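Hi,

Here is the structure I promised to send over.

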Amino acid sequence: MSSLSLYDTLTRTTSEFIPLKAGEVGIYLCGATVQAPPHIGHVRSGVNFDILRRWLTRSGYNVTFIRNVTDIDDKILHKAVHEQAPWWAVAMKYERAFTDAYAALNVLPPTYEPRATGHVTQMIELMQLLIEKGAAYAPGNGDVYLEVRKLSSYLTLSRQKLDDLLPAADADETYKKDPRDFALWKAAKPGDPSWPTPWGAGRPGWHLECSAMAHAYLGEAFDIHGGGLDLIFPHHENEIAQSEAAGYGFAKRWLHNAWVTASGEKMSKSLGNSLQVHELLKSVRGIELRWYLGSAHYRSMLEFSHEALAESATAFRRIEGFLNRSVEILGSEPVPTISQVFTDAMNDDLAVPTALASISEALRAGNSAITAGDTATIENSANEIRGALEILGCDPFDPAFASSTAVEDIGAALDGVIQLALAQRTAARERKDFAASDQIRDGLAVLGITIEDTAQGPRWSITGNGSN
């Protein structure tokens, strides 16, 4: 039987995964900076690492999964000014938006989801340790910096040269020993939130937050640190610098998911091409959006288009249709089983595209078996497909999707019936048969449906006053 092999960004090689402690896996995933609603570039990371977590759990490991929330940041403070709201209210609003998006795509809740603002004590303790070890310094203005030239291992993850770097534009360079030193702590500015420290009031630097939280929940060394490719530098590089300077073993392996791109460019708010999850869920179900985002290898770029999403959703419905047909024929839901082909694919650095090929083959065999009346093959195919979908987080029998799917189906059916009635009402009005038009309107009103004629056409809403 094959063993799990995973890529490591640090070594640029794929090797057998051996946890620090037998049977236990600790994972830290850089989560959201909550200054805006999530787009699919954000949640792709959640989906990719959720698949990893599910596979590790299925492989017999007890997984401790940490995904942080950055709830204090320059971008959050800027957004608070723009929205004329307290910074903490802005952070909580968008944290909830991320939570809703993860739930809609069936991303399992993390074991712990620490917020940066809840771990300032641990950050101060880490800074104190770094200063005592001579790796960090407080110049007296309230800032605290890490002195990067003292770290021989700095930039080994991104493989850059220190002298080629631009200055770290995170604070006033006046107080830095070297312009490439980065801020662990930023002195308070008038009107900004701050916390007291031995070096003055201020707020944490982004990099410090994750080092402190990873240490708090996973200890001095843990198995896997994950995040998007864009975090390799400076964020993950600086996390390594802080943690190793403190004497911690930190992450044994680094995994990075590739971007979702639009017209070849990384999806981001600055490019104006972001596609928010809640908008896409108006055109496809959560299970279909997850299927699409999880279909590419986690290290491969995923070029988004609405056409590709629609095709992916259609392909998933064919799989779903076969599973529903198998239930009708066999009289029971499939029992999830994992095939050897699927196992080998997932153990090969989570080769999801190869795993999907095994699902397609099982689907082909299953559909042929329906035609032939071969119930044994129908059952075997359905069991293997459901087992694979369970790992990919796309099991249509999962209660996370089943209840919402039923509600969506009912809503879609209701909208279709009402739209048909409205079309008939419009046709009656065009032929000046106002009696028929009023009869349709009044009939809908009895059912609790109110019709409003607008410049864009008739709109309907439920008043709740109808009778059954």
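Predicted model: local features only at pLDDT ≥ 70, side-chain atom pairs only at ≥ 80, totals over all residues.

Residues are numbered from 1 along each chain as its sequence is written, and side-chain values use heavy atoms, with hydrogens and water left out.

First, helix α1, which covers residues 40-58. (Helices here are DSSP runs of H or I with at least four residues, strands are runs of E with at least two, and both are numbered from the N terminus.) α1 has 19 residues and reaches 26 Å from its first C-alpha to its last, close to the 27 Å expected at 1.5 Å a residue; the expected span is 1.5 Å times one less than the number of residues. Of those 19 residues, 15 are buried, so α1 is largely enclosed by the rest of the structure. By buried I mean under 20% relative accessible area, with exposed over 50% and partly exposed in between (1.4 Å probe, protein chains only). After α1 comes G60, with a positive phi near 100 degrees.

On to the charged pairs. A search of the whole structure turns up 25 salt bridges, each being a side-chain nitrogen of Lys or Arg within 4 Å of a carboxyl oxygen of Asp or Glu.

One of them sits in α1 itself: R54 and D50 are four residues apart there, about one turn of the helix, and their side chains meet at 2.7 Å, N to O. Both ends are tucked away, since R54 counts as buried at 12% relative accessibility and D50 is buried at 2%.

Helix α9 (residues 306-330) has a pair as well, with E328 and R325 three residues apart and so separated by about one helical turn. Their salt bridge is 3.2 Å, N to O. Here E328 is exposed at 59%, and R325 is partly exposed at 37%. As a reminder, an α-helix has 3.6 residues a turn, so residues three or four places apart point the same way.

Finally, take a look at R149, D163, D178 and R180, which are linked in a network of salt bridges.

Cheers
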